[in-house]
Amino acid sequence: MAKEKAYNKNLVIVISTVAATGGLLFGFDTGVISGAIPFFQQDFQLSNSMIENITTAGLLGAVIGAFLTGRLSDIIGRKKTILAAAVIFVIGALWSGWSPSAHMLIFARFFIGFAIGISSFSVPLYIAEISPARMRGRLVSLFQLLITIGILVSYLSDLLFANNNNVESWRPMLYAGVVPGLILLIGMFFLPETPRWLMSKGRDEEGREILTRIEEPALIDEAIRQIKNEIEKDKNRPALREVFRPWLRTALLIAVGIMFFQQFVGINTVIYYSPKIFMIVGFEGARAGIWGSVSVGVVNVLFTILSLFLIDKIGRRKLYFIGVSGIVFSLLALGAVFAFHTVLGDMGKWMAIGFVWIYIAFFAISLGPLGWLIISEVFPLRVRGIGTSIGSLSNWLFNGVVAFTFFKIIKLFTVHGTGIITHERLYDPAVHGFVTKAVDNGNPAGAFWFYAVIGIIGLIWGYFYLPETKGVSLEKIEEHWRQGKKPRDLKE
Ligand code: BGC
């Protein structure tokens, strides 16, 4: 029999924090590119469409990474999957910082994207399976907290390395990703596999040994009984087809649905384009724009910390309704500020910033952490890897669609003659240098209202589909679907 080590209440917090470093990489690698673009654009003399190819390569890598490795994590285990992602992160950071040409950069970004896709489903899944039900929400939300810290660190690293006299400033920005990659790689090496996955492979003794270290002693036998019970029921069923079976349709609808609303309330238009938004409302110069993003990053981190305290206390459903209502309100208000910006004058600037902060704060306490948490909770053990990867894959697909359509939607909803003009320094390949140009940005009022309408639909969807998983064991959630019950009837 394996030697049993003593129960340690804080161990699971340490384990989850180390694994959550995957979130730091996710946030860092998606955020860092915005500050690097102007430099490699000048360095390699690239057109805007080439820039688009480089950014898309990362997103595409993420979709494919999440898609291909879901099943793999059910076969080789959660730990090895995360370790593989860490190796790719480190190599990808070195490769992209070193890239001698734009084409090489496309491959390197695709490669890093692959790791982002893998870690974005395997880390929440790992944490959900290793934490006691009572703390699961808070521990999985550590992943989201590290995403937001990663985004903030990437802005700061962009500020630190940006040197207008050095066109190669983009290289240290991208190399910096090696640091969190190594932390994840080394840290993860020392972490255990999840007890649930081990037991699903018949490695009961190892599973029990880990469980005794992380679960409250009084609850261990019951936890093991429940896990075994669910494993027994799933035996002899082909996993791949199982995830599309009727009894799991609800779980699929929940996972894809929550990611749809997380992305379609337009979060990344604010995260990626906030410098532009701040310039549109009249803050002068690119530097002011970057400081605007840093402020968004700080609000995001602070309110995600708040969410850690709320998620296992007031529960998922309440947080969802409070958060999405706040998001809808601030989107409507932002739209109004832009629609009436000529009347509001200078006050409009501050109102726009204020509502962007309110919007981010409400996102950070709700859809941000809830998306990743819910997808890691709703699938049964046997198909949890592949199920969570479908959730994550939808996240990246929707993210891509929103990013690509944002400016088109602005154009579509701009009333003729209301476009906002800014003067920007843009790279012009024809003259091999930056020139100041007048840019008609359209007016984003209609676009923000459009996202608000999606938020309202999200409230209705949530009423029917969002389950209250607070304090409920993963096995009990599985049993709920098996009995064909409705998501909103799930209770502690
Ligand atoms: C989302 C990302 C977003 C981030 C912002 C995450 O949960 O999936 O798309 O950029 O939150 O904090």
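1. Start at the ligand: one of its oxygen atoms sits 3.0 Å from an N or O atom in the side chain of Gln263. A ligand oxygen also lies 2.9 Å from a side-chain N or O atom of Gln262, and for Asn268 the corresponding distance is 2.6 Å. The ligand taken alone exposes 310 Å², of which the protein buries 99%; these areas come from the Shrake-Rupley method with a 1.4 Å probe, and for residues only the protein chains shown count as cover.

2. Before going further, please keep in mind that this is a predicted model, in which local features need pLDDT of at least 70 and side-chain atom pairs count only at pLDDT 80 or more, while totals for chains, interfaces and linings use all residues. Residues are numbered from 1 along each chain as its sequence is written, and side-chain values use heavy atoms, leaving out hydrogens and water.

3. Contact here means heavy atoms within 4.5 Å.

4. Ile360 also belongs to the largest nonpolar core, which has 130 residues; Tyr126, Ile258, Tyr320 and Ile360 touch the most other members. Helix H4 (residues 102–130) gives the most to this core, with 12 residues. Another core, of 19 residues, lies apart from it and includes Ile33, Ile51, Ala102 and Leu105. A nonpolar core is a set of buried Ala, Val, Leu, Ile, Met, Phe, Trp, Tyr and Cys residues joined through side-chain atoms within 4.5 Å. Buried means under 20% relative accessible area, exposed over 50%, and partly exposed in between (1.4 Å probe, protein chains only).

5. Ile365 lies in helix H17 (residues 346–365); helices are DSSP runs of H or I with at least four residues, strands are runs of E with at least two, and both are numbered from the N terminus. Is Ile365 buried or exposed? Ile365 is buried, because its relative accessible area is 8%. Ile365 and Ser307 are 58 residues apart in sequence, yet 4.6 Å apart in space, C-alpha to C-alpha. Leaving aside neighbours within four places in sequence, Ile365 is in contact with Phe303, Leu306, Ser307, Leu319 and Ile322.

6. Do look at Ser154, in helix H5 (residues 136–161). Ser154 counts as buried because its relative accessibility is 0%. Its side chain reaches the backbone oxygen of Ile151 at 2.7 Å. Beyond residues up to four places away in sequence, Ser154 touches Gly27, Phe28, Gly31 and Val32.

7. In helix H9 (residues 204–214), the buried residues include Glu209 and Arg213 as well as Ile210 and Leu211. The buried residues of H9 pack against helix H1 (11–43), H4, helix H8 (195–200) and helix H10 (220–234).

8. Leu426 has Val435 in S2 as its bridge partner. Four residues lie between the strands, and His432 takes a positive phi near 55°.

Technical notes. A polar contact is a pair of N or O atoms within 3.5 Å; within protein, one must be able to donate a hydrogen and the other to accept it, and residues adjacent in sequence count only if both atoms are side-chain atoms. Two strands pair if DSSP finds at least two bridges between them.
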